[in-house]
Amino acid sequence: MSHRAGNTGPHTLAFVESPVQLLNVLEWAHAHAHTGGAGLTLVVLSPNDPMTRGQLRRMAELAREDGHEVRWEEARGGAAAPFQTIGGLAGLLRRAHRVVLGDPFSRYVQLLLTITKARDLVVVDDGTATMEFVAQLARGERLVRWHRKGGRPGPRDLLFAPVSSAARKRLTPSERRTVEIFSSMPMEETPDGVTVTANTFAWTRDRFGPPRITKGADMVGTSLVETGVVDNDRYLEAVRSLAKAHGATRYFAHRRESAEKLHRLAVETGLEVVRPDLPLELIARRGPIGRTILSFPSTVVHTLPLALTGTEVRVAVCDIDPAWLTDNASPRAQGFLSGVTGTARDVHRLSAVTA
């Protein structure tokens, strides 16, 4: 069976900065393979983090196997790198009929949006941030990541405000421009004129699995400590309690989790820490995977049930106790995290463990 995605339309240009974004571009291409045309050029705006770069390399291989052209940009390789990257992409941007992007909050992406004349814009999932983006676009608010919302804009935010405002306007449908959101996330508010297409993870299920299922439980890590939302000590104690209660043996680390935190977690909990070489949706679908997957509120509580449709794997999500939040956490944090859990379909909800 061929896994080639087929054609995805004339002069389609996609920008990704994370492995999950690249995965969702491949899912979008698979879902739109019938549209005909010239195919997809996928531009990787590479970050500096080694684990993220490794996963992006592996995902780029899968994209090439599907027949897509991949262009790797060292977009953060020094002070001059952004100017060189944007300058080198300007011609492609001006010629593109359609632009697909994974993170509308990214300043890089917002700069690129000011250059493109594309008539069709597509936003694919960048995790739970997509939920906040859609809500902010519907309400006409400035684009701010949920874990930063509530703080005062800094000097860089004010300097960049005109670019961010222009990007938001570009992401608003008009007579000259269509906007599609390709998402597996629940949408409480849909902006006027925006087309929402469901991401069912059909490409993932076609490409991998079904997995071998083990008897035990696996746990999924989160970067809530690294983003300053959850206290490190409280998080580690919650992981220990949750693993003990459910017999978990493996901990799949989030790509942004620090090495120091993961070392301490392994010592204090006895869990085997696994650093995946692909997004967890593919790891789980490839297997082996535990019969129960434990998670805190995160993207995977929405995506894993879709990727594992037809298997006997159960996804269980543990709420975040308000007492775990740091003093610096955004006022929006608790409500947003509760919403991530509460809107998840086909998951088993666990009350917050005592930490």
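T204 touches L23, E27, E281, L282, R285 and A307, leaving aside residues up to four places away in sequence; a contact means heavy atoms within 4.5 Å. T204 is found in helix α7 (residues 202-207). Helices (H or I, at least four residues) and strands (E, at least two) are DSSP runs, numbered from the N terminus. T204 is buried, with a relative accessible area of 0%. Buried means under 20% relative accessible area, exposed over 50%, and partly exposed in between (1.4 Å probe, protein chains only).

The model is predicted: local features need pLDDT of at least 70, side-chain atom pairs count only at pLDDT 80 or more, and totals for chains, interfaces and linings use all residues. Residues are numbered from 1 along each chain as its sequence is written, and side-chain values use heavy atoms, with hydrogens and water left out.

The protein chain holds 12 helices and 13 strands. Of its 355 residues, 53% are buried. Among contacts with a separation of 6 or more, 72% join residues 24 or more positions apart.

The largest nonpolar core has 40 residues. Such a core is a set of buried Ala, Val, Leu, Ile, Met, Phe, Trp, Tyr and Cys residues joined through side-chain atoms within 4.5 Å. L22, V25, L42, V44, M59, L282 and L304 have the most contacts inside the largest core. Helix α1 (residues 19-31) gives the most to this core, with six residues. M59 touches P19, L22, L23, L26, L278, P279 and L282, again not counting residues up to four places away in sequence. A second, separate core of 30 residues includes L93, L112, I115 and V179.

In helix α12 (residues 333-342), A333, F336, L337, V340 and T341 are buried. They lie on the same side of α12, because they cover an arc of only 135 degrees around the axis. The arc is that of the directions from the helix axis to the C-beta atoms. Their cover includes α5 (129-139), α11 (300-307), β12 (314-318) and β13 (348-350).

The second largest pocket holds about 240 Å³ of space. A pocket is an open set of points on a 1 Å grid over the protein atoms alone, where a 1.4 Å probe fits, with protein on both sides within 12 Å along at least five of seven lines; lining residues have an atom within 4 Å of a point. The volume is the space filled by probe spheres set on the points, which are joined across faces, edges and corners. Of the 15 lining residues, M131, E132, A135, E188 and F336 are the closest to the centre of this pocket. Helix α5 gives the most to the lining, with five residues.
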